[in-house]
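Please examine the sequence and the structure shown below. A short briefing on selected features follows.

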Amino acid sequence: MIKLPETVYVLDDNHSFLKATLRLLQSSGFQAEGFLSGQELAERFPFPRQICLIIDIVLGRENGLDVVQDLSDRSGTVPVVFVSATENAEFLTRAEQMTGQ
């Protein structure tokens with residue numbers, strides 16, 4: 001049986017997308033918290049419970065891949081779903097490598 005996360009943290013610098021994603025998760029019964037920057041998310045560390053992250057790859061001045069790498073360096077494997085509209089092959093390849101795809 002798959003253990004579902006207690007909380008889903010969503011990181012996206014697009015406020016409209018973030019808000020819509022949080023509503024979708026909450027309407028599906030998940031506790032969900034949103035963050036507009038990697039710094040905001042990092043301030044919640046260490047995470048209080050079992051989580052899953054949904055993170056945009058391109059975050060304005062930040063890079064979602066670097067945010068996940070930093071969190072993984074601190075705590076080991078963190079379940080993550082990357083989302084992005086980018087077609088940057090380097091970013092997409094790195095995301096696949098990080099998630100084991």
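In which sense do strands β1 and β2 pair, and over how many bridges? Strand β1 (residues 7-11) and strand β2 (residues 31-35) pair in the parallel sense, over five bridges; pairing requires that DSSP find at least two bridges between two strands. This is a predicted model, in which local features need pLDDT of at least 70 and side-chain atom pairs count only at pLDDT 80 or more, while totals for chains, interfaces and linings use all residues. Residues are numbered from 1 along each chain as its sequence is written, and side-chain values use heavy atoms, with hydrogens and water left out.

- T7 has Q31 as its bridge partner in β2.
- From β1 the chain crosses through helix α1 (residues 15-27) to β2, and this β-α-β crossover is right-handed (with the strands pointing away from the viewer, the path from the first strand over the helix to the second runs clockwise).
- Helices (H or I, at least four residues) and strands (E, at least two) are DSSP runs, numbered from the N terminus.

**Helix α3**
- Helix α3 (residues 64-75) has twelve residues and reaches 17 Å from its first C-alpha to its last, close to the expected 16 Å (1.5 Å times one less than the number of residues).
- Its buried residues (under 20% relative accessible area, 1.4 Å probe, protein chains only) are G64, L65, V67, V68 and L71.
- These residues lie on the same side of α3, because they cover an arc of only 160 degrees around the axis (taken from the directions from the helix axis to the C-beta atoms).
- G76, with a positive phi near 90 degrees, follows α3.

**Residue A42**
- A42 lies in helix α2 (residues 38-42) and counts as buried because its relative accessibility is 19%.
- A42 and L71 are 29 residues apart in sequence and 7.6 Å apart in space, C-alpha to C-alpha.

Terms used: Buried < 20%, exposed > 50% of the residue type's maximum accessible area, 1.4 Å probe, protein only.
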